[in-house]
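Subject: Structure handover

Hello,

Here is the structure I said I would pass on. Please open it beside this email and follow along; the notes on what was found come after it.

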Amino acid sequence: MSHDDARKRAAHLVPRPHSVLLGTGVLQLPAELPVCLDVPAEERAAVLRAIALLPLTGKVGTEPAGLRVLLRAGATPPEGYVLDVTEAGVTITAADRSGVVYALQTLRQLLPDAAYRQAAPSDIRWVAPVIRVEDSPRFRWRGMLLDVARHFLPKREVLRHLDLMSTHKLNTLHLHLSDDQGWRVESLRFPRLHEVGSWRATSQVSHYSDEVVHDGTPHGGYYTRGDLAEIVAYAADRAITVVPEIGVPGHTGALLAAYPEFGSPSVPARAVHTNWGVHDALLAPSERSLEFLRLLFDELLPLFPSPYVHVGGDESVLRAWDSDPVVRAFADERRLSGSAEIFAALMAEVRQMLARHGKTPVTWDDSFAAQGTAADAESTATLVMAWRGAEVARRAAAAGHDVVLSPVMPTYFDYFQEAHPDEPLAIGGPVTLDDVASWEPVPQDWSEAESARVRGVQCQMWTEFVEDPRLVDYLLYPRTCAFAEIAWGSRTRDLHRRLPRHLDRLAAAGVEYRPLTGPAPWQRGGTGRRAHRAGIPMAERLANYADAAATGTVADVPDA
């Protein structure tokens with residue numbers, strides 16, 4: 001491996017570090033790497049697990065050390081690091097374990113691409129350039145949503161995506177665990193949730209613009225408690241927090257298929273939904289359903305050490321409550337007037353349930369917008385995830401909420417990547433790589449106080465039309481590379497220069513990304529059910545979302 005090869009790797013880091021000083025020599029690391037740890041005793045085991053991210057065997061000893069790790073409070077900004085590579089060895093300095101993980105991920109990118117293979121060639125030389133990197137993130141929440149409710153992703157796929165998230169220094173996995181089309185968590189207290197709610201008899205395969213067609217194939221799956229413990233631990237070793245989403249009161253079709261007695265309108269025989277879109281099945285606000293939620297949260301929330309829990313609040317067809325006697329009794333008892341106040345009261349109860357567990361609620365911006373004039377408005381303790389544009393995000397920030405910016409444009413990666421017939425079926429689009437790379441999350445006209453409320457950013461991988469894990473790869477990468485660059489730092493003009501070399505790393509890791517020149521022949525939409533559709537023009541879609549957010553609307557028209 002030549003000196004020039006090592007230097008070229010240093011020039012193609014993704015996300016781009018804040019400061020890089022490239023030296024003139026190289027370091028060859030041994031396959032068995034002597035490690036010296038200067039870290040608190042309670043962090044040693046976790047730091048050693050982080051070192052295992054490298055394709056080398058770490059052996060703890062004293063001098064001389066090939067890799068020295070110094071963990072010191074205040075040594076760097078939160079999640080930041082200093083990586084020093086000299087001809088004598090590597091030194092990592094960080095204020096927290098996350099910083100150590102990110103330094104190791106940068107070091108891994110400095111090594112040959114074989115560092116991303118499960119097994120490297122026996123004759124590989126682990127050569128890194130002499131370099132000093134000083135780095136820290138712009139945003140504290142650098143998230144990715146994986147929708148495992150619409151189409152289930154097996155545990156092995158979730159673990160693989162956690163590896164890729166850590167590679168790109170993303171630190172929050174938003175796991176969308178429940179929806180109308182599936183429930184994905186084992187429950188010992190309410191076993192029908194996973195026995196009934198985790199599968200559907202068939203799935204819609206037609207686009208919204210087509211006549212409805214189903215595939216006739218059962219689909220489902222769920223994570224056991226042991227699976228979730230493994231996912232959470234695996235994520236933590238990679239400096240990632242898993243934030244679960246159990247959404248209410250809308251998108252509860254699978255829950256209500258299992259326990260229809262908690263639904264509104266009252267339908268004794270429900271089934272898990274097989275069509276996409278917004279449905280009128282809602283959790284009914286009542287003392288009975290609130291007790292159900294309390295018991296469910298008491299069981300499930302301890303599985304997730306995250307300080308945040310996402311509770312949905314989006315696309316709820318509230319008029320379904322208008323003629324429901326159970327809901328009217330709830331409203332009369334609490335002297336509530338109108339669906340907005342009922343909705344606000346329900347979400348207030350949910351906040352209290354989470355508070356008992358020390359959790360901060362997260363909701364989609366529908367919940368904030370709908371409660372803007374309600375008597376019991378959304379508590380400012382709630383983090384608002386703004387998907388319908390910058391204006392509703394700004395209003396939430398001005399009202400005192402922390403916000404995570406997750407707008408359809410350009411963070412919805414289920415949208416196709418180019419307006420071209422070769423692109424496979426997607427919900428709509430396009431959201432191009434350039435759209436992502438040029439995004440400035442916080443508009444310049446926001447006040448300093450509003451900007452300070454931005455907790456971070458998140459990209460979304462919804463899966464209505466994404467039934468294949470290979471297609472997940474295609475849709476996520478390389479757009480996630482550009483997103484990570486924004487989340488970690490800011491827009492940079494040379495990402496397109498660095499990206500081709502970085503994609504070689506992803507290829508070594510087995511990621512089936514979309515080539516920069518367009519889809520590979522086997523990735524194209526073809527002429528079958530995966531054929532490309534134009535969908536609603538993006539400008540029209542964004543305008544509709546912005547109008548709905550401005551008026552406090554929380555749903556599109558439900559399916560008939």
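I begin with the second largest cavity, whose lining residues divide into six nonpolar, one polar and two charged. Keep in mind throughout that this is a predicted model.

Cavities

Which residues line that second largest cavity? Asp-414, Leu-425, Ala-426, Ile-427, Trp-462, Thr-463, Glu-464, Phe-465 and Val-466 do.

Aromatic rings

A pair of aromatic rings is described by the distance of the centres and the angle of the planes. In the whole structure, the search finds 15 aromatic pairs.

One of them joins Phe-152 and Tyr-223: the centres are 4.8 Å apart and the planes are at 40 degrees, which is a tilted pair. Phe-152 belongs to the loop between β8 (141-147) and α4 (155-167), and Tyr-223 to the loop between β13 (219-220) and α6 (225-237), so the pair ties together parts that are 71 residues apart in sequence. Are these two residues buried or exposed? Phe-152 counts as buried because its relative accessibility is 16%, and buried means under 20%. Tyr-223 is at 1%, so this residue counts as buried too.

Another tilted pair is made by Trp-364 and Trp-462, with 5.8 Å from centre to centre and 45 degrees between the planes. Trp-364 is in strand β18 (residues 360-364), while Trp-462 is in the loop between β21 (454-461) and α16 (469-476), so parts that are 98 residues apart in sequence are tied together by this pair. Trp-364 is buried, at a relative accessible area of 1%, and Trp-462 is buried at 8%.

Both tryptophans also belong to one aromatic cluster, together with Trp-387, Tyr-412, Tyr-415 and Tyr-545.

Charges over rings

In two places a charged end sits over a ring. For Lys-169, the ring is that of Trp-488, and the charged end is 5.9 Å from the ring centre. For Arg-238, the ring is that of Tyr-234, with a distance of 3.5 Å to the centre.

The last item is the second largest pocket, with a volume of about 480 Å³. Its lining is made up of 21 residues, and the closest to the pocket centre are Ser-98, Asn-171, Ala-239, Ile-240 and Thr-241. Which elements give two or more residues to this lining? They are α3 (97-110), α6 and β14 (241-248). The largest share comes from β14, which gives three residues.

Regards

Methods
Residues are numbered from 1 along each chain as its sequence is written. This is a predicted model: local features need pLDDT of at least 70, side-chain atom pairs count only at pLDDT 80 or more; totals for chains, interfaces and linings use all residues. Side-chain values use heavy atoms; hydrogens and water are left out. On a 1 Å grid over the protein atoms alone, a cavity is a set of points where a 1.4 Å probe fits but cannot get out, and a pocket is an open set with protein on both sides within 12 Å along at least five of seven lines; lining residues have an atom within 4 Å of a point. Ala, Val, Leu, Ile, Met, Phe, Trp, Tyr, Cys and Pro count as nonpolar, Asp, Glu, Lys and Arg as charged, and the others, Gly among them, as polar. Rings of Phe, Tyr and Trp (its six-membered ring) pair if their centres lie within 6.5 Å; planes under 30 degrees apart count as stacked, over 60 as edge-to-face and the rest as tilted. Helices (H or I, at least four residues) and strands (E, at least two) are DSSP runs, numbered from the N terminus. Buried means under 20% relative accessible area, exposed over 50%, partly exposed in between (1.4 Å probe, protein chains only). A charge sits over a ring if NZ of Lys or CZ of Arg is within 6 Å of the ring centre and within 35 degrees of the ring normal. Grid points are joined across faces, edges and corners, and a volume is the space filled by probe spheres set on the points.
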